[in-house]
Amino acid sequence: MAQRDSDMRKKPNILITGTPGTGKTTTASALAEATQFRHINIGDLVKEKNLHDGWDDQFDSYIINEDLVCDELEDIMEEGGNIVDYHGCDFFPERWFDQVVVLQTDNSVLYDRLSKRGYSETKISNNMECEIFQVLLEEAKESYPEGIVVALRSDAIDDITNNIATLTHWLTTWQTVP
C-alpha cells in the first residue's frame, strides 16, 4: 500500500470549502493568522498566475484550469501547513488534505451576503440552490474519506470565532499516523 502524503508531512493541510458567501476566505484568513499556516485562496491564485481558460460571462467568473491549479500547488501541498480556500473541492487530489471543512450558512444570511457583493439574480439563485441542496457537502463526502469531512455553521461572527477555535485545536493536536 502506498504511503499517504500526510504520513510524511510535518504539518497538516486543510481545505475550507462551501458555497460562495459562506465565509471561506474570512475563516481561512483568520485561521492562518492564528496558526501561522499559509492561506491559499484559489480564486486569487488563478487570477495572479493566469491559471484559467478565460472568462465566463454567465457566472461572472474565471473558468479555472484545474490541471494548472493542481500543478501549481503540488510542491506546496507536499510541504504541509496550508489552508486552501475554494468553493469547489472534487478536483484536488485526496492525498493533499487531512481535514475538509464545508462551511454552511442559513439561506437568508447567504442571500444578504451575496446581494451585498452585487451578484446578479442568476448568480444568487444558482448559489442559493447549491446551499439548499448541500451540493458542496455532498461533493466533499464523495471526494474525501468520511472521517476528514466536517460541516460547520457560518452564519455570524460567533460561528466564525468558534470555528477558528475548533480548527486551531484540531491543528495543534494533529499528528501523522505512525
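# Pocket, cavity and selected residues

The lining of the largest pocket is made up of 14 nonpolar, twelve polar and eleven charged residues; Ala, Val, Leu, Ile, Met, Phe, Trp, Tyr, Cys and Pro count as nonpolar, Asp, Glu, Lys and Arg as charged, and the others, Gly among them, as polar. This is a predicted model, in which local features need pLDDT of at least 70, side-chain atom pairs count only at pLDDT 80 or more, and totals for chains, interfaces and linings use all residues. Residues are numbered from 1 along each chain as its sequence is written, and side-chain values use heavy atoms, with hydrogens and water left out.

**The largest pocket**

- The largest pocket holds about 1,000 Å³ of space. A pocket is an open set of points on a 1 Å grid over the protein atoms alone, with protein on both sides within 12 Å along at least five of seven lines, and lining residues have an atom within 4 Å of a point.
- Grid points are joined across faces, edges and corners, and a volume is the space filled by probe spheres set on the points.
- Of the 37 residues that line the largest pocket, Pro20, Ser61, Tyr86, His87 and Lys123 lie nearest its centre.
- At least two lining residues each come from α1, α2 (42-49), β3 (52-56), β4 (61-64), α5 (121-132) and α6. Helices (H or I, at least four residues) and strands (E, at least two) are DSSP runs, numbered from the N terminus.

**The annotated binding site**

- An unreviewed UniProt entry gives the annotation "binding site" to Gly21, Gly23, Lys24, Thr25, Thr26 and Arg117. From this set, Gly21, Gly23, Lys24, Thr25 and Arg117 belong to the lining of the largest pocket.
- UniProt positions are given in the numbering used here, feature names are shortened, and annotations may be inferred rather than shown by experiment.

**Residues of helix α1**

- Thr25 is in helix α1, which covers residues 24-35. Its relative accessible area is 37%, so Thr25 is partly exposed (buried means under 20% relative accessible area, exposed over 50%, partly exposed in between, with a 1.4 Å probe and protein chains only).
- Not counting residues up to four places away in sequence, Thr25 touches His39, Asn41 and Asp85; contact means heavy atoms within 4.5 Å.
- Thr26 also lies in helix α1, and Thr26 counts as partly exposed because its relative accessibility is 47%.
- Ser29 has its place in helix α1 and is partly exposed, at 33% relative accessible area.
- Ser29 and Asn41 are twelve residues apart along the chain, and their C-alpha atoms are separated by 9.0 Å.

**Asn13 in strand β1**

- Asn13 lies in strand β1, residues 13-18, and counts as buried because its relative accessibility is 0%.
- Leaving aside neighbours within four places in sequence, Asn13 is in contact with Met77, Gly80, Gly81, Asn82, Trp96, Phe97, Asp98 and Gln99.
- A polar atom of the Asn13 side chain lies 2.8 Å from the backbone oxygen of Met77.

**The cavity**

- The structure holds one cavity of 30 Å³ or more, a cavity being a set of grid points where a 1.4 Å probe fits but cannot get out.
- The largest cavity has a volume of about 30 Å³. Gly18, Thr19, Val102, Leu103, Gln104, Glu131, Gln134, Leu136 and Leu137 line the largest cavity.
- Two or more of these lining residues come from each of β6 (99-104) and α6 (135-143), and β6 gives the largest share, three residues.
- By class, the lining of the largest cavity has four nonpolar, four polar and one charged residues.

How values were computed. Polar contact = N/O pair within 3.5 Å; in protein donor to acceptor, adjacent residues only side chain to side chain.
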